[in-house]
Each structure stands twice: as C-alpha cells, then as structure tokens.
Amino acid sequence: MAKQPEETNTPPAGAAKTGNGAQPALNVLTQYVKDLSFESPGAPNSLRSRDKAPSININVNVNANPISEGEYDVTLTLNAKASADSDVLFNVELIYGGVFRVAGFPQEHMLPILFIECPRLLFPFARQIIADSTRNGGFPPLMIDPIDFAQMFQQRMAEEQAKAKVSGNA
C-alpha cells in the first residue's frame with residue numbers, strides 16, 4: 001500500500017497572503033433548495049412525441065446577501081420553459097442557495113467571488129436538480145449547458161455603470 005503524503009500547515013510557495021497574514025479562504029457552509037416548482041400544464045398530452053424539438057428558454061440570475069461578518073447567502077435562480085407552438089410543455093423554476101464563508105480576500109475581489117465563484121460552485125448541483133425534475137415530469141432530462149458566470153457578471157456591471165451614467169446626467 002502506498003504511503004499517503006502527510007498534511008502540513010505550511011502554505012505552498014507563492015501562495016497569496018493578505019496584509020494581516022491570513023490566507024484567503026472560500027468555504028461552502030451549506031447548500032439548500034429555497035424554492036422548486038415544476039409545472040406541466042398540458043400533461044399527459046404534452047408528453048407525446050413530436051416531430052420537432054420544443055423551444056426552451058432558460059433564464060439565470062445570481063444574488064448575494066451578507067448574513068454576518070464574512071458569511072454570505074448566494075442564490076442561483078434558474079427558470080426553464082419549454083414550448084411547442086403556443087403550448088407550454090413544462091416550466092421549471094429553481095432557487096438554489098449556498099452559505100459561503102469568505103475570508104482574507106481584498107475588498108475589490110469580493111463581488112467577483114460572490115457573483116462568479118460562488119455560483120460556479122452551486123451550478124452543478126442546481127443543474128442536476130433541474131435535470132431530475134424534468135425527467136421525473138416525464139420529459140427527457142434537461143441538461144443545462146455550463147454557464148459563464150464571469151461574462152454574466154461583466155454584463156451586469158456594464159449595465160449598472162450605464163444606469164449610473166444615465167442617472168448622473170438626469
């Protein structure tokens with residue numbers, strides 16, 4: 001049997017440290033389903049096979065709120081609606097959250113951590129819940145493509161800057 005390497009408390013060479021000597025840390029304290037809804041208003045007729053694939057509209061949103069010093073509640077909201085012609089085949093909504101402890105990061109890194117890294121950690125679990133819900137509803141599992149949370153964050157920041165410019169000129 002191979003010998004397991006021993007753990008040490010020595011940080012790796014080149015590890016980032018903050019001014020107070022603490023190493024940055026991002027910890028998931030808990031994950032939870034805040035809200036889950038699956039609707040198939042036309043069942044069982046909506047479950048029949050079709051000549052063409054339904055159109056699927058997916059919306060994603062991320063929110064973050066402080067809970068206490070260094071702890072944040074981050075929620076990932078996913079809405080997926082499948083339609084064929086004017087008929088809704090299914091509509092699934094999920095609010096999936098996580099409580100994160102964030103310590104040792106510079107203040108300018110907090111928004112990217114909360115709106116990029118935290119949802120990136122939550123997404124695989126939320127994706128699986130959506131897939132299971134659609135499969136349990138009688139449809140093929142909806143496997144949502146990976147989401148570029150960095151791009152979402154950049155778009156959101158650009159929109160807020162544009163709003164601030166408009167408000168500043170009014």
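Q: What volume does the largest pocket of this predicted model have?
A: In this predicted model, the largest pocket holds about 230 Å³ of space.

Q: Which residues lie nearest the centre of the largest pocket, and how does its lining divide by residue class?
A: The lining consists of 14 residues, and Pro54, Leu89, Phe90, Phe139 and Pro140 are those nearest the centre of the pocket; by class, the lining comprises nine nonpolar, three polar and two charged residues.

Q: What makes Val60 and Lys163 lining residues of the second largest pocket?
A: A lining residue has an atom within 4 Å of a point of the pocket, and the residues listed for the second largest pocket, whose volume is about 170 Å³, include Val60 and Lys163, so both count as lining residues.

Q: Which elements supply at least two residues each to the lining of the second largest pocket, and which gives the most?
A: Strand E2 (55–68) and helix H2 (149–169) each supply at least two, and H2 gives the most, with seven residues.

Q: How does the lining of the second largest pocket divide by residue class?
A: The lining of the second largest pocket has five nonpolar, two polar and four charged residues.

Q: How far apart are Gly42 and Asp87 in sequence and in space?
A: Gly42 and Asp87 are separated by 45 residues in sequence, while their C-alpha atoms are 7.7 Å apart in space.

Methods:
Residues numbered from 1 in each chain as written. Predicted model: local features only at pLDDT ≥ 70, side-chain atom pairs only at ≥ 80, totals over all residues. Heavy atoms only, no water. 1 Å grid on protein atoms, 1.4 Å probe; cavity = no way out; pocket = protein on both sides within 12 Å on 5 of 7 lines; lining within 4 Å. Points joined across faces, edges and corners; volume = space filled by probe spheres on them. Nonpolar A, V, L, I, M, F, W, Y, C, P; charged D, E, K, R; others polar. Helix = DSSP H or I, 4+ residues; strand = E, 2+ residues; numbered from the N terminus.
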